[in-house]
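Here is a walk through one protein model, from its overall layout down to a few individual residues. Have the structure open as you read.

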Amino acid sequence: MSQQDDATKESAILDEYYDYVFSIVQRCGEVNCQISKSTNLEDMDVEFKSCDVDLVTAVDQLVEKTLITEITKKYPEHKFIGEETVSGGGECVLTDEPTWIIDPIDGTMNFVHGFPHYGISVALFMNKEPKIAFVYNPRLGQMFTARKGKGAFLNEQQIFVSKETSMSKALVMSEAGTSRDPDKLKVVFENLINLIPKIHGLRTLGCAALNMCMVALGGADVNYEFGIHAWDIAAGQLLVQEAGGVCIDPSGGSFDVLSRRVLCASTMTLALEIASNLSQYYPPRD
Ligand code: IPD
Ligand code: CA
């Protein structure tokens, strides 16, 4: 078989995966939305994971279980890295096999408070490269999608990063994260103190995946964070890259989805300028 035949075959398979998983993500979003609209904050079944700001609800667990069960029914050989499965003692291993990296609700703190900025984040990796990405905010009806080589979209309209190259003009997103670790917080504060006087503005909205989508659609110019996990950034990586942007390590090196470190930006010039201004924090890898 020629290389072109191989590429055509892979593209057809990816189209099939995309259509199948798109509809599951949409269905999970509808369920999630109904529950969050009909449940009072006090009745929300919230548990704590690594600390009192690292939250999980029954909805996170239901959405992850639904995605894994439905995908496995059709593709039993596919692998998974799911936030709640890993937090419950499961493995976080990325091989060359088709692997779905899932955050059933990114921004659980927002979800619990009824702040309508959270999303289901799902990415397919093959040979350790992202091929398909979905980030779906069901409360605001924002479905971000990307396929390798085929662009990034918001509700089927193609999106592009801004052309910003200068830190002084950049709208920057970042998060304090879901850890109370004093060493980590020290770096978070140092970076804010250093960056805020040098940038155009700072936004911190509580959902790492949607932050990356804001960069992909050109609303924000940069997003960086230390301590996120693969499931927070796997879909965002492809969305930003397919929208014309860059993802790097916050030190300026290559991006590694398991490193728990991310810096994405509209342009490499801007990404490197921000990187050179950041104090670094290296959490244990996923
Ligand atoms: C968190 C959110 C938050 C970010 C954390 C993530 P979760 O994800 O994306 O904005 O700062 O690093 O862990 O716990 O809501 O899935
Ligand atoms: Ca989550």
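## Two domains

Domain bounds here come from an automatic or database domain assignment. Keep in mind that the model is a predicted one. For this protein chain, the assignment gives domain 1, covering 3-159, and domain 2, covering 167-276.

How far apart are the centres of domain 1 and domain 2? Taken over C-alpha atoms, the two centres are separated by 20 Å. The domains also touch each other: 44 residues of domain 1 are in contact with 26 residues of domain 2.

## The largest pocket

The largest pocket has a volume of about 820 Å³. It is lined by 40 residues, and the ones closest to its centre are D54, G177, T178, H229 and D232. As for the elements that give two or more residues to this lining, they are helix 3, strand 4 (99-106), helix 4 (108-113), strand 12 and helix 7 (230-242).

Both domains take part here, since the pocket lining draws at least three residues from each of domain 1 (3-159) and domain 2 (167-276). Sorted by class, the lining of the largest pocket holds 15 nonpolar, twelve polar and 13 charged residues.

E83 sits in helix 3, which runs over residues 83-87. Not counting residues up to four places away in sequence, E83 touches K49, E64, I102, D103, P104, I105 and W231.

## A cavity

Searching the whole structure for cavities of 30 Å³ or more turns up one. The largest cavity has a volume of about 50 Å³. The residues lining it are S174, E175, K184, V187, V188, N191, L192, Y224, E225 and F226. Helix 5 (182-195) and strand 12 (222-226) are the elements that give two or more residues to this lining.

Which element gives the largest share of the cavity lining? That would be helix 5, with five residues. By class, the cavity lining has five nonpolar, two polar and three charged residues.

R260 lies in the loop between strand 13 (246-248) and strand 14 (261-265).

Leaving aside neighbours within four places in sequence, R260 is in contact with E225, F226, G227, I228, H229, P283, P284, R285 and D286. Two of these contacts, E225 and F226, also line the largest cavity, and H229 is one of the residues closest to the centre of the largest pocket. As for P283, it is 23 residues from R260 in sequence, with 6.7 Å between the two C-alpha atoms.

Q142 is found in strand 7, residues 142-147. Setting aside neighbours within four places in sequence, Q142 is in contact with V135, Y136, N137, L154, N155 and L210. Q142 and E10 are 132 residues apart along the chain, and their C-alpha atoms are separated by 28 Å.

What is phi for N155? It is near 45 degrees, a positive value in a residue other than glycine. For E156, phi is near 75 degrees, again positive in a residue other than glycine. With a relative accessible area of 42%, N155 is partly exposed, whereas E156 counts as exposed at 71%.

Technical notes
Residues are numbered from 1 along each chain as its sequence is written. Chains are lettered from A and ligands numbered from 1 in the order in which they are written. This is a predicted model: local features need pLDDT of at least 70, side-chain atom pairs count only at pLDDT 80 or more; totals for chains, interfaces and linings use all residues. Side-chain values use heavy atoms; hydrogens and water are left out. Helices (H or I, at least four residues) and strands (E, at least two) are DSSP runs, numbered from the N terminus. Contact means heavy atoms within 4.5 Å. On a 1 Å grid over the protein atoms alone, a cavity is a set of points where a 1.4 Å probe fits but cannot get out, and a pocket is an open set with protein on both sides within 12 Å along at least five of seven lines; lining residues have an atom within 4 Å of a point. Grid points are joined across faces, edges and corners, and a volume is the space filled by probe spheres set on the points. Ala, Val, Leu, Ile, Met, Phe, Trp, Tyr, Cys and Pro count as nonpolar, Asp, Glu, Lys and Arg as charged, and the others, Gly among them, as polar. Buried means under 20% relative accessible area, exposed over 50%, partly exposed in between (1.4 Å probe, protein chains only).
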